[in-house]
Amino acid sequence: TTLKFEAQVDIEIEVLEVTRCVTLNSLEQNITHVSLIHRIDEEGKAVENAEEFILEDYFVIPEHEFLAIKTPIALARGRYTLTIRYHAEVRHALKGFYRSYYTTEEGERRVAAVTQFEATFARHAFPCFDEPKYKASFTISIVRDRHHTALSNMPERETVDYGEGLVQVNFEKSVKMSTYLVAFMIMDFTSRSATTKSGKLIRVWSRPEAHNQTEYALSCAVKLMNYYEEKFGIEFPLPKQDLVAVPDFNSGAMENWG
């Protein structure tokens with residue numbers, strides 16, 4: 001494990017006024033590719049034979065944590081797909097996409113790659129409009145070693161072979177949410193699971209040595225989910241809820257959906 005990663009984001013954006021600049025949040029990423037495709041025109045019709053523009057005029061403003069992208073032509077109103085490829089490092093700090101360490105009973109030091117994005121730290125992991133007032137749906141894919149587990153806000157949709165001992169985990173599309181609620185992690189934790197009265201899957205994850213300490217947490221989580229669904233008459237809107245005991249975590253808890 002190198003603790004470095006390569007990634008790609010495809011951001012669906014809507015241009016409301018004619019412009020030649022797109023500005024979003026980005027920090028500590030080495031960007032290698034930026035492109036743009038016009039998908040839907042201002043009348044809501046699909047753009048035929050849409051051309052992909054490779055954008056080379058972009059720059060990062062570190063003090064403001066901005067990525068500014070200039071376009072060769074003015075962008076008309078409508079919807080576009082902005083694609084950004086980059087590489088970065090899993091961070092040492094307890095925010096963004098960072099490394100969390102623990103030591104086994106045999107004295108082996110292991111690492112889990114986890115996230116903490118509240119309030120504006122998603123920009124450390126991927127370029128995005130990283131402001132709580134903005135909401136979007138997220139479709140996440142993670143390539144991992146076969147012996148690791150990958151989690152995110154939504155359940156796995158499929159796992160496919162990626163070659164060289166790797167697999168790609170594709171997750172279901174999320175509900176609309178702010179970037180700070182996005183979560184994903186790769187680790188070798190084990191889990192204990194149960195189901196609520198409404199059929200929601202609840203799992204508690206921990207390092208293997210702490211597995212026998214998770215039964216009480218699971219019992220409480222199921223009881224509380226059942227209670228609140230009955231109390232308010234509102235079913236939990238996601239199909240599952242994972243609770244993860246992260247060894248290095250800067251907050252008492254975090255309310256990532258799912």
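A search of the whole structure, a predicted model, identified 13 salt bridges, each defined as a side-chain nitrogen of Lys or Arg within 4 Å of a carboxyl oxygen of Asp or Glu. Local features of this predicted model need pLDDT of at least 70 and side-chain atom pairs count only at pLDDT 80 or more, while totals for chains, interfaces and linings use all residues. Residues are numbered from 1 along each chain as its sequence is written, and side-chain values use heavy atoms, with hydrogens and water left out.

One of the salt bridges joins the side chains of E28 and R91, at 2.6 Å from N to O. E28 lies in the loop between β2 and β3 and R91 in the loop between β7 (78-89) and β8 (96-103), so this pair ties together parts that are 63 residues apart in sequence; strands (E, at least two residues) and helices (H or I, at least four) are DSSP runs numbered from the N terminus. R91 counts as buried, at 12% relative accessibility, whereas E28 counts as partly exposed, at 47%. Here, buried means under 20% relative accessible area, exposed over 50%, and partly exposed in between (1.4 Å probe, protein chains only).

A further salt bridge is formed by E230 and K197, at 3.1 Å from N to O. E230 is located in helix α1 and K197 in the loop between β15 (190-195) and β16 (201-206), so the contact ties together parts that are 33 residues apart in sequence. E230 counts as exposed at 53% relative accessibility, and K197 is exposed with a relative accessible area of 66%. R157 pairs with E158, the closest N and O atoms being 3.3 Å apart.

E65 is found in the loop between β5 (58-61) and β6 (66-75) and counts as partly exposed, at 24% relative accessibility. A cis peptide bond, with omega of about 5 degrees, joins E118 and A119; A119 is placed in the loop between β9 (109-116) and β10 (141-145). Most residues other than glycine have a negative phi, and most peptide bonds are trans.

The search returned 1 cavity of 30 Å³ or more; on a 1 Å grid over the protein atoms alone, a cavity is a set of points where a 1.4 Å probe fits but cannot get out, a pocket is an open set with protein on both sides within 12 Å along at least five of seven lines, and lining residues have an atom within 4 Å of a point. The largest cavity holds about 30 Å³, and its lining comprises F138, I140, S152, N153, M154, F171, E172, S174 and M177.

The second largest pocket holds about 860 Å³. Of its 32 lining residues, Q241, D242, L243, M254 and N256 are the closest to its centre. Elements giving two or more residues to this lining are β11 (149-152), β14 (184-187), α1 and β17 (240-244), and the largest share, 6 residues, comes from α1.

Definitions and conventions: Grid points are joined across faces, edges and corners, and a volume is the space filled by probe spheres set on the points.
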